[in-house]
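Q: Please take a close look at one part of this model, a salt bridge and its surroundings. What does it join, and what lies around it?

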Amino acid sequence: MDSDRIIVFFAELSTKGKNIMDFIRLLGKNIKTALKDFPLLSYEIKKDHIYILLNGTPYEEVKEKLSKVPGILSFSHAKAVAKDIEAIKEESLELYRRSGAKTFKANCRRVDKDFPLHSDEVNRHIGGKILSSCPESKVDVHHPELMIHVMIRKEGCFVYGIKDKGIGGYPLGIAGKALMLISGGIDSPVAAYLMMKRGVKLEMVHFAAPPYTSDRVIDKIHDLLHVLNDYQSDIKLYIVPFTALEKKVYELAGPSYCVTVMRRMMMRISCALAYQHNDLVLATGESIGQVASQTLYSVKVIEEACSLPMMRPLCTYDKTEIIDLAKKIRTYDISIRPYEDCCTIFTLKDPVTHPKMEKVEEIEKAYDFTSMVKECVRNVKVEHIVKEEKEAF
């Protein structure tokens, strides 16, 4: 048995009852996908954790990729030792010495009840060994610099220190598939990350308006999705040619109602794409009241054009919270590049914040928008975004 391994602890899977093994198997599959560049690794999937045997692979190289797999609460670099108190004491002492810590606490979890010593007894043995071997050491039961974890199970005994944090949530794909509206702004990539964290696999739709928007907007979208590839290794992107429809909306709706009607057209196109590709819901980066189209009055009128449920993971976040999260997941610097998307190409004077459904219906009856919506859907460009490459098909 290889002694050098990673123990992966799950996030919310303990709440899943009889379905727990479906979650764990999918999490194991997603971990293997995330770590496919490390061929020496091997895996053992258990009911309440997963072992990753390093087989000579440096832990630090694996750590960064593993930290971005949805469904992982934490993981630790562990050593497997004999189920013998002397072996446990020696490895605990070595762990303490390697850490450079001055204070410590031992924390034994004795799952194998056939082991002759109780957890508290193991803790006392470890403490006595370290205190006698390292006179400068101290036990701190409240705020130790090093927590020495010992897990005694039927299949072996494992000693580890630091628990590296995962992102939590559910395994990607366990909650189904959604279509995410993505612009080049700050909000939608953050919303996408939060959806992925909850186990939702995403496809993306972007509304492009050339020549009013630069080709660099698409490059910006690609770069954002490559960052999100850290959490979902392959992402399908639908690019909708929106220029003609947007111009017609602006012509008929004017600057005050343009955004409301335009967003309704986006909902219709997105729903059509979602039905074609078996996406269960739509998702956006909207936050309540952040702009005119995101007041509750606007949301109600816009969503009436949508025939699928709408997810808004950022609805209660303020802008500061969204920016902080964007910086954390490394999308912020890309999002603030000064390339405009289709929502910013026209001058909008006093956009309505309390739109009237009667006015919207009047505008939409003035022209055959249905044929234009269908034309947009027919001419969608599809791209497949994977880590470190951009492929169209």
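A: Asp230 forms a salt bridge with Lys68, the closest N and O atoms being 3.1 Å apart, where a salt bridge is a side-chain nitrogen of Lys or Arg within 4 Å of a carboxyl oxygen of Asp or Glu. Asp230 sits in the loop between helix H6 (215-228) and strand E12 (234-241), and Lys68 in the loop between helix H2 (59-66) and strand E4 (72-81), so the pair ties together parts that are 162 residues apart in sequence; helices (H or I, at least four residues) and strands (E, at least two) are DSSP runs, numbered from the N terminus. This is a predicted model, in which local features need pLDDT of at least 70 and side-chain atom pairs count only at pLDDT 80 or more, while totals for chains, interfaces and linings use all residues. Residues are numbered from 1 along each chain as its sequence is written, and side-chain values use heavy atoms, with hydrogens and water left out.

Lys68 is buried, with a relative accessible area of 13%, given that buried means under 20% relative accessible area, exposed over 50% and partly exposed in between (1.4 Å probe, protein chains only). Asp230 and Lys68 also belong to a network of salt bridges that links them with Glu64, Arg330 and Lys387. Of these, Arg330 follows helix H9 and has a positive phi, near 70°. The buried residues of H9 (residues 319-328) are Ile322, Leu325 and Ala326, whereas Thr320 and Lys328, on the other side of H9, are exposed. In total, the structure holds 31 salt bridges.
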